Amino acid sequence: NLFRSEEMTFVRFYFQSDAAHHHLTELGKFGLVEFIDMNPDVTSFQRPFTPEIRKCEDMMRTLQYFRHLMNENDIPSIENGEYPFIKEPIESSTTLDQLQAFLAD
């Protein structure tokens, strides 16, 4: 019916922390999942993933700094968004830290 939403089923998933990113990414590809906050009383600063978000923000700042250095020194960059050395966020963070230390030398 035009005025009613599709029939839905409530399902609760439990994932191990290290597997959650992969599984949620795969579920998200379908575009058929809606997430409900099961801890509405917890502030965003008290969430367990807050340190990961901060780490991603730090990585973004580092990448912007690298882009700035590359532009200053006329070094061509990859414009299509594919960075082969970045595979997983934690692995990427370590790689970026190593690159930053190398550039500081």
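How many residues apart in helix α1 are K29 and E26? K29 and E26 are 3 residues apart, so about one helical turn separates them. Helices here are DSSP runs of H or I with at least four residues, and strands are runs of E with at least two, numbered from the N terminus.

The model is predicted: local features need pLDDT of at least 70, side-chain atom pairs count only at pLDDT 80 or more, and totals for chains, interfaces and linings use all residues. Residues are numbered from 1 along each chain as its sequence is written, and side-chain values use heavy atoms, with hydrogens and water left out.

The structure holds 3 salt bridges (a side-chain nitrogen of Lys or Arg within 4 Å of a carboxyl oxygen of Asp or Glu). K29 pairs with E26, with the closest N and O atoms 3.0 Å apart. K29 is exposed at 60% relative accessibility, whereas E26 is partly exposed at 33% (buried is under 20% relative accessible area, exposed over 50%, partly exposed in between; 1.4 Å probe, protein chains only).

In helix α2, D58 and R61 lie 3 residues apart, about one turn. Their side chains form a salt bridge at 2.2 Å, N to O. D58 is partly exposed at 38%, and R61 is partly exposed at 48%.

R47 lies in the loop between α1 (17–30) and α2 (50–72). R47 forms a salt bridge with D37, at 2.8 Å between the closest N and O atoms. The two residues are 10 apart, and D37 is in the loop between α1 and α2. R47 is buried at 16%; D37 is partly exposed at 43%.
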